[in-house]
Every structure is written in structure tokens, then in C-alpha cells.
Amino acid sequence: MSYYLLTLGCPKNVADSTRLERSLHEAGQSPAPARQAGILIVNTCAFIDQAKEESINAILKLALKKKSGQKLVVIGCLPQLYRKDLLSEVPEIDHVFGVESWEKVAALAERGEAVYAPEPSSRVSAYLKIADGCNARCSFCIIPKIKGRLHSLPPEAVVEEGKRLQAEGARELVLVAQDSTAYGSDLHVEDGLALLLERLATDLSDVAWLRIMYAYPGHLSKRLLRTMAELPQVCKYLDIPLQHSSPAVLQRMRRPHDLSQTRRMLERLREAMPDIALRTTFLVGFPGETEQDFQDLLAFARETKFDHIGAFMFSPQDATPAARMPDQVPERVKRRRYRELMRVARETSLERNRAWLGREMAVLVESEADVERNGKAMFVGRTYRDAPEVDGMAFCKGEAFAGEITRVRIVEALPYDLLAEAAAAD
Ligand code: SF4
């Protein structure tokens with residue numbers, strides 16, 4: 001039997017889909033286009049309204065095209081919240097499962113006669129999920145309701161999964177969780193993330209880069225900073241979603257709201273790793289956000305000079321305290337604030353990129369010489385400063401193979417991307 005798997009949402013979902021695909025392969029399933037597959041699977045996201053809408057549209061599209069004999073299975077965050085609604089509103093759905101239900105989905109599928117040997121994937125970068133769930137209770141976020149409290153995967157299981165991804169060709173592992181820096185605290189391990197990084201760096205010799213996403217601002221220990229600074233495999237890169245800079249807004253968000261501590265944390269990171277690339281995410285239009293709060297946020301974004309800034313507009317989620325808060329911000333104001341913030345994000349990103357002009361950097365090659373500029377071969381890669389999918393790329397003159405790490409010289413800085421050429425050999 002064969003399957004078609006559509007993955008929506010965040011890198012945690014992508015990591016779940018990788019696990020699911022492995023279970024399906026072990027159960028004798030092989031991937032196929034939607035029109036030919038025996039089982040159609042949608043791994044959904046329900047983080048914000050836009051994500052829910054995208055998931056529902058994808059389900060409806062497949063439901064419309066579903067042929068007799070095909071099974072439609074919906075998994076992930078959406079059924080975790082709206083199981084009954086999905087089953088009653090979309091009768092074409094055969095089964096729904098919540099998060100991390102890959103074994104159940106694989107068990108659903110019939111075992112084929114022939115043993116299917118999956119081809120090694122050529123992905124040079126893969127998401128490695130280290131934990132799920134979250135103990136924080138941010139007032140706008142539905143995730144703890146969907147995923148429950150923090151549950152860290154045992155280090156042995158993370159290393160084992162890392163080895164599989166390495167065997168499939170990954171040169172970069174991006175560690176993901178709802179709150180990566182809390183890793184291990186539910187296992188009563190202090191500095192769990194630092195210890196895990198040390199173990200991964202020792203046990204995965206072919207993985208060149210380990211990258212941390214989703215660090216909670218209050219959880220950066222001295223030990224973690226030291227480990228990040230000392231281990232060459234760990235990218236000097238950190239994604240720390242701050243959400244806002246106004247103490248009053250942060251307090252209503254139920255997030256760390258001492259701005260002087262945030263500034264100290266950024267200083268400590270830059271002292272420990274002077275070339276560290278920092279990414280953050282801000283949420284605009286939170287209930288009660290005044291124009292002054294927003295102007296302060298713009299000033300904070302200019303002052304702190306994050307290499308990468310992502311932004312969301314607040315959208316009220318059912319069953320979250322923020323949805324019921326007074327002083328909801330009108331949509332047009334949210335949209336204007338979002339545009340203004342993204343303008344500042346573009347300026348700061350360009351400024352940070354310009355600081356690299358003329359310097360040499362290592363690039364992880366993602367695709368080979370399939371891009372041409374002015375008739376000359378180019379390849380596409382990323383430096384340690386850029387995480388896959390969310391940050392920029394390096395477009396480099398010359399030829400290289402996917403998965404290779406090669407040195408280049410930066411010749412042009414664009415707002416998000418870099419142009420480069422091969423560095424002269426020593
Ligand atoms: S830390 Fe992240 S996942 Fe946890 S409640 Fe806050 S926003 Fe949601």
C-alpha cells in the first residue's frame with residue numbers, strides 16, 4: 001500500500017512527519033502522488049487562525065478528490081483540539097489522530113507483500129525534535145492545550161534519531177521543541193540542553209552543524225552559553241522569541257518582562273560569542289498594545305539589532321486568556337504595525353549582512369550548480385547565520401555538491417541574502 005503525506009505548520013511538525021514516514025516505511029508503505037496513494041494523510045497545524053484555515057483547506061481539497069478505496073487520515077494539532085468537529089463536518093475523513101501518533105497511523109495501513117527499502121534522503125538539513133509540550137502559559141498561546149506539559153525525549157532516543165538522520169545524509173541538525181532551553185528539566189536534569197549538545201557533538205561525527213531554535217528568554221544558563229561557545233559543531237546562532245519589549249504588554253502576555261534582564265542576556269550572548277547571529281520573533285497588535293508600546297518596540301528592534309526578526313499579528317485563539325482581554329487592537333492597526341516592524345527588520349538585517357562584506361565564511365551547500373547568474377554557474381547554501389526555511393541564503397559563484405561545506409567570500413549584502421564567490425585556496 002502507498003501513502004501521500006502533506007505536512008503543514010512548524011518544524012516540529014516536519015520532525016513528526018519524518019518519524020511518521022519512517023514508521024510507514026517500516027510497515028511496508030511507500031510514498032505516492034495523492035491520486036495513486038491508498039492512504040492520504042494531512043499533518044495539521046492549529047497554532048493561529050491562518051494555520052487552521054490552511055489545514056482545513058488542505059483537508060477539504062483532499063476530501064473532494066478522494067477516490068473510493070482511499071482512506072483520509074488527519075493527524076496533528078487540529079484533531080487534538082477539534083476531533084469531533086472534524087469528523088462531523090468532513091464525513092470523508094476516515095480517521096483522526098492527535099500529535100505523535102505515527103505508530104497508530106502506520107498500524108492502520110496494510111502491510112504490503114514486498115519489503116520497501118526507503119532511499120536515503122538527500123536532505124542536508126533535518127529537524128531533530130528533542131521535546132514537546134510546554135510548561136509556560138503565555139496568555140496568547142494554544143500550544144500547551146494541544147501538546148500538554150513539557151516532555152523531553154530521553155537523550156538516548158534523541159541521539160538515536162540523530163544517527164538515523166545522519167545516515168540519511170543530514171549535515172545539519174536543527175534542534176526543535178516548544179521551548180528548547182527547558183530540555184531535560186522534566187527529567188530532573190540540570191543543564192539538559194548543554195549536556196545533550198555535548199553528547200550529540202561526540203556521537204554524530206558526520207554532522208557538521210547543530211543549531212538551536214526556540215530558546216525561551218528566561219532559560220539561558222551560563223553552562224549552555226559556554227557549551228555553545230566551545231563546541232565547534234554548535235552554530236553560533238540562537239533563536240530567542242521575545243514577542244515584545246514593552247514590560248506592560250509582556251506582563252499581559254505572561255512572558256518574562258524585565259527588559260534590563262533581556263538586555264543583559266543579549267550582552268552575555270554577544271560577549272561569549274562575538275559573531276553570534278540572533279533571531280527573534282515579535283507579536284504586534286496584542287490586546288492593549290498602545291501606539292507608544294509599539295513605537296518603543298520599533299526603537300528596541302533598532303537598538304538590539306537582531307540579525308533576523310520575524311513578526312506575527314496577534315490573532316485571538318479560542319480558550320486562551322488573551323482572546324477575552326479588553327482593548328483588542330483593530331485589524332488595520334495590526335497590519336500597519338506589522339508592515340512598519342518588517343521595514344525595521346529589513347533594515348537591521350541588511351546592516352548585519354553588510355558587516356560580513358569581504359569576509360570569508362563556511363557555507364553548507366543545499367543545492368548544486370543549478371542556478372545561473374550572468375551565464376555563470378552558482379550554487380545555493382547557507383552560512384551558520386541562517387537557519388533553514390526562516391532566514392536567508394547565500395548564492396555563490398562556482399560549483400559545489402549538496403551537503404558539502406565550502407569556504408566563500410561575501411561580495412554583496414542583500415536585505416536577507418548574501419552573494420558570495422569561492423574563497424581562494426590557502
Ligand atoms: S513558550 Fe511558546 S509554546 Fe510555550 S506557551 Fe509560550 S508561546 Fe506557547
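**Entry 1: the ligand**

I started at the ligand and found it surrounded by Cys134, Ala136, Cys138, Phe140, Cys141, Ile143, Pro144, Gln178, Tyr216 and Arg255. For this list, a residue is near a molecule if one of its heavy atoms lies within 4 Å of it. Sorted by class, I get 8 nonpolar, 1 polar and 1 charged residues in the shell.

A reminder on the model before I go on. It is predicted, with local features needing pLDDT of at least 70 and side-chain atom pairs pLDDT 80 or more, while totals for chains, interfaces and linings use all residues. Residues are numbered from 1 along each chain as its sequence is written, and side-chain values use heavy atoms, with hydrogens and water left out.

Next I looked up the open sheet, where 5 strands stand in the order 2-1-3-4-5 with parallel pairing. Strand 2 (30-31) and strand 5 (95-96) are at the edges with a single partner strand each, so one side of each has no neighbour in the sheet. Strands here are DSSP runs of E with at least two residues, helices are runs of H or I with at least four, and both are numbered from the N terminus. Two strands pair if DSSP finds at least two bridges between them.

I then went through the pairs. Strand 1 (residues 2-7) runs parallel to strand 3 over 5 bridges, and there I see Tyr3 opposite Ile39 of strand 3. Strand 3 also pairs with strand 4 (residues 71-76), again in the parallel sense, over 6 bridges. Ile41 has Val73 in strand 4 as its bridge partner. Strand 4 and strand 5 run parallel and are joined by 2 bridges, with Val74 partnered by Val96 in strand 5.

Is strand 3 mostly covered or mostly open? Mostly covered: 6 of the 6 residues in strand 3 (residues 39-44) are buried. I count a residue as buried under 20% relative accessible area, exposed over 50% and partly exposed in between, using a 1.4 Å probe and protein chains only. Ile39, Ile41 and Asn43 cover one side of strand 3, Leu40, Val42 and Thr44 the other, and all are buried.

I also checked Gln36, in the loop between strand 2 and strand 3. Beyond neighbours within four places in sequence, Gln36 is in contact (heavy atoms within 4.5 Å) with Ser2 and Gln70.

**Entry 2: Ser139**

Ser139 sits in the loop between strand 7 (131-132) and helix 5 (143-147). I count Ser139 as buried because its relative accessibility is 0%. What does the side chain of Ser139 reach? It reaches the backbone oxygen of Arg252, at 2.7 Å. With residues up to four places away in sequence left out, Ser139 touches Arg252, Met253, Arg254, Phe286, Thr320, Pro321, Ala322 and Met325.

**Entry 3: Glu172**

Glu172 belongs to strand 9 (residues 172-176) and is buried, with a relative accessible area of 0%. Its side chain makes a polar contact with the side chain of Arg211 at 2.7 Å. A polar contact is a pair of N or O atoms within 3.5 Å; within protein, one must be able to donate a hydrogen and the other to accept it, and residues adjacent in sequence count only if both atoms are side-chain atoms. Among the contacts of Glu172 away from its sequence neighbours within four places, I noted Val124, Trp209, Leu364, Arg382 and Pro388.

- Gln243 has a positive phi of about 70 degrees. Gln243 lies in the loop between strand 11 (234-239) and helix 9 (247-253), and at 10% relative accessibility counts as buried.
- Glu389 has phi near 75 degrees. Glu389 lies in the loop between strand 15 (376-382) and strand 16 (394-397), and at 65% relative accessibility counts as exposed. The side chain of Glu389 makes a polar contact with the side chain of Tyr127 at 2.4 Å.

Conventions
Nonpolar A, V, L, I, M, F, W, Y, C, P; charged D, E, K, R; others polar.
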